[in-house]
Amino acid sequence: MMVKKVSIILLVIFSETVCLPQTGGDNVYEFLNLTHSGLISSLGGSNVSLSGSGLNMSWHNPALLDSSSSGSLALNYSNYLAGINYGLVLYSPSLKGPGCLAAGITYLNYGSFTEADIAGNITGSFSASESAFALIYSHRVDSNFSAGFNLKPVISHLERYNSFGIAFDVGVSWHNRSNLLSAGFVLRNGGIQLTTYAGERRGKLPFELLAGITVKPEHAPFRISVTARHLGKFDLTHEYESAGDDETDVPNGFAEDLFRHITAGVEIIPHRNFWLSAGYNHQRRSELRSSAGSGGTGLSWGFGLNASFLSLEFGMASYHLAGSSIHFSAIVRPDIMYHRLRN
């Protein structure tokens, strides 16, 4: 009976999210789509298939949480655009049993704003921030296949207005025995806005479907990942007004619409304790390039260092000629560090 009730609740929440598949700018809680990990940001900002790549991967695909992350603490900080910063903290305790568990919190701080009345007189200042908790569980179905779930209660505070919601991710992951080929599929940001900011109509969450694959040729010091986003909506372009009276909007071709879904990245791994990475996000480049040129818009890069008790990741992603985002990640293993210090 309990299983049946939970299934009905999830069905209602799911139906609230899939009626109108949307892209950025049409939803509440868009911060849930931000990339935290230095590694993932360097690979184009999206990945659901990197098996065995650490605790941070469970935020992108809960099925990728495995026993190798038990006892790990992930600390992420991102210096975003216009003075905005955000972060993610995750911890995975050691469990006895078939499943793995992780919990944490993510936040987005928009900073402080000047407050003025209708006449333009300065009356003070106000702040804005958003946060979400994460409760992640994964279960290994067999040696190659895993499934996972991430429950994300959301709190949004914008000046004196507040909103609460509940979001969730459902993911599956598969890899072959040699771990040279892995794939993932995620239903991301399903859920519902429970309370609105000022009595307006409930907004849609940034729901999307993602699928990805990672390939590492045998004996090769690199691996390649390809991720497809927004699988529920083919045309990801926005409708803009024409730039001139005699101009008309030209629709994209099939190839342009297709590649807007694709994010690709490559990792070069000359040694198990060091890696370099680069990525490309075609949707980001298409949407954010300017008339002055594209520059490195849509490109990203990074590197990482691995030790037995500590892993460090750095990633930089170019959004526009005017700015980039910088991402730092540290994955600490306190139990190993403690034993090292004692000895």
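Asp-66 is buried, with a relative accessible area of 16%, where buried means under 20% relative accessible area, exposed over 50% and partly exposed in between, for a 1.4 Å probe and protein chains only. The model is predicted, and local features need pLDDT of at least 70 while side-chain atom pairs count only at pLDDT 80 or more, although totals for chains, interfaces and linings use all residues. Residues are numbered from 1 along each chain as its sequence is written, and side-chain values use heavy atoms, with hydrogens and water left out.

Asp-66 belongs to the loop between helix H3 (57-60) and strand S1; helices (H or I, at least four residues) and strands (E, at least two) are DSSP runs, numbered from the N terminus. Not counting residues up to four places away in sequence, Asp-66 touches Gly-52 and Cys-100, contact being defined as heavy atoms within 4.5 Å. The side chains of Asp-66 and Ser-68 are joined by a polar contact of 2.4 Å, that is, a pair of N or O atoms within 3.5 Å, of which, within protein, one must be able to donate a hydrogen and the other to accept it, with residues adjacent in sequence counting only if both atoms are side-chain atoms.

The volume of the second largest pocket is about 630 Å³. On a 1 Å grid over the protein atoms alone, a pocket is an open set of points where a 1.4 Å probe fits, with protein on both sides within 12 Å along at least five of seven lines, and lining residues have an atom within 4 Å of a point; a volume is the space filled by probe spheres set on the points, which are joined across faces, edges and corners. Strand S10 (262-271) gives the most to the lining, with three residues, and strands S11 (274-281) and S13 (310-320) each supply at least two.

Asn-281, in strand S11, is buried, with a relative accessible area of 7%. The side chain of Asn-281 reaches the backbone nitrogen of Arg-284 at 2.9 Å, and, leaving aside residues up to four places away in sequence, Asn-281 touches Gly-44, Ile-262, Thr-263 and Gly-298.

Strand S14 (residues 323-332) is mostly covered, with seven of its ten residues buried. S13 and S14 run antiparallel and are joined by ten bridges, and a hairpin connects S13 to S14 through two residues. S1 (residues 72-79) also pairs with S14 in the antiparallel sense, over seven bridges, pairing being assigned if DSSP finds at least two bridges between two strands. Ile-326 in S14 stands opposite Met-316 and also opposite Asn-79.
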